[in-house]
Structure formats: structure tokens, C-alpha cells
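Dear colleague,

I am passing on the structure that we spoke about, and below it you will find notes on a few of its residues. Please read them with the structure open beside you.

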Amino acid sequence: PKILQVVEIVEGEFFKQEDGASSFSSNVDAGGGKFFISASRTSTNAAHGQGIIATVTLRALSAASKSDIALTAVSPITDGAKPPAAPLPAALTISVE
């Protein structure tokens with residue numbers, strides 16, 4: 001939380017594909033250095049394929065040789081079928097100069 005600050009979290013187009021309705025919310029825990037996103041498609045037909053769920057804009061607050069950004073949890077929900085496997089990607093390490 002001392003190196004990066006969340007400036008903005010914006011919904012992506014994935015759940016809106018094919019004119020679908022969606023629900024999106026976000027919450028920033030600045031003190032804990034975390035942010036939370038809830039995104040779902042509220043249309044009766046499902047979203048498919050790949051796409052952007054959210055875009056997070058960060059601001060550098062101070063220089064650091066490295067800082068990790070990690071996706072720590074994901075909970076896919078389906079329309080009754082077995083939820084797909086959702087492996088988490090490796091943390092992204094950035095340097096702030």
C-alpha cells in the first residue's frame with residue numbers, strides 16, 4: 001500500500017458481449033493493499049471465450065525495486081453446469097523508478 005495506489009477500477013467488456021446485461025462493483029482496501037471486484041452477467045445467455053473483466057489503473061507513490069501484484073482468488077459461477085477450473089496466474093512483478 002505504500003508503493004502503489006489504486007486510482008480507478010473500470011468494468012471490461014467480457015460480460016457485456018452480445019449486448020448482455022452485467023453487474024459490476026469494486027471496493028478498495030487501501031490500508032490493506034487490496035482491491036476486490038465482483039462481476040457477473042445478468043442476462044439469461046452466458047458469456048463465452050476470453051475478454052477483459054476489469055481494468056485497474058494504479059499510481060506509483062514511491063520508488064521500489066519491485067512490487068508484486070497478484071490475483072489471489074476467483075470464484076466462477078455457471079448457470080447450473082460444473083464451474084470451469086480457474087487456475088490463478090503467477091504474480092506480476094513490477095519495478096517503480
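Strands here are DSSP runs (E, at least two residues), numbered from the N terminus, as are helices (H or I, at least four residues). Please keep in mind that this is a predicted model, in which local features need pLDDT of at least 70 and side-chain atom pairs count only at pLDDT 80 or more, while totals for chains, interfaces and linings use all residues. Residues are numbered from 1 along each chain as its sequence is written, and side-chain values use heavy atoms, with hydrogens and water left out.

Beyond its neighbours within four places in sequence, Ser 67 has contacts (heavy atoms within 4.5 Å) with Ile 3, Leu 4, Leu 92, Thr 93 and Ile 94.

In the loop between strand S1 (4–11) and strand S2 (22–29) we find Glu 18, whose phi is positive, near 55°, although the residue is not glycine; Glu 18 is exposed at 65% relative accessibility. Asp 19, in the loop between S1 and S2, has a positive phi of about 60° and is not a glycine either, and at 80% relative accessibility Asp 19 counts as exposed.

The structure contains one aromatic pair (ring centres within 6.5 Å for Phe, Tyr and Trp, the last by its six-membered ring; planes under 30 degrees apart are stacked, over 60 edge-to-face and the rest tilted). Phe 14 and Phe 15 form this edge-to-face pair, at 5.0 Å centre to centre and 75° between the planes.

Note on methods:
Buried means under 20% relative accessible area, exposed over 50%, partly exposed in between (1.4 Å probe, protein chains only).
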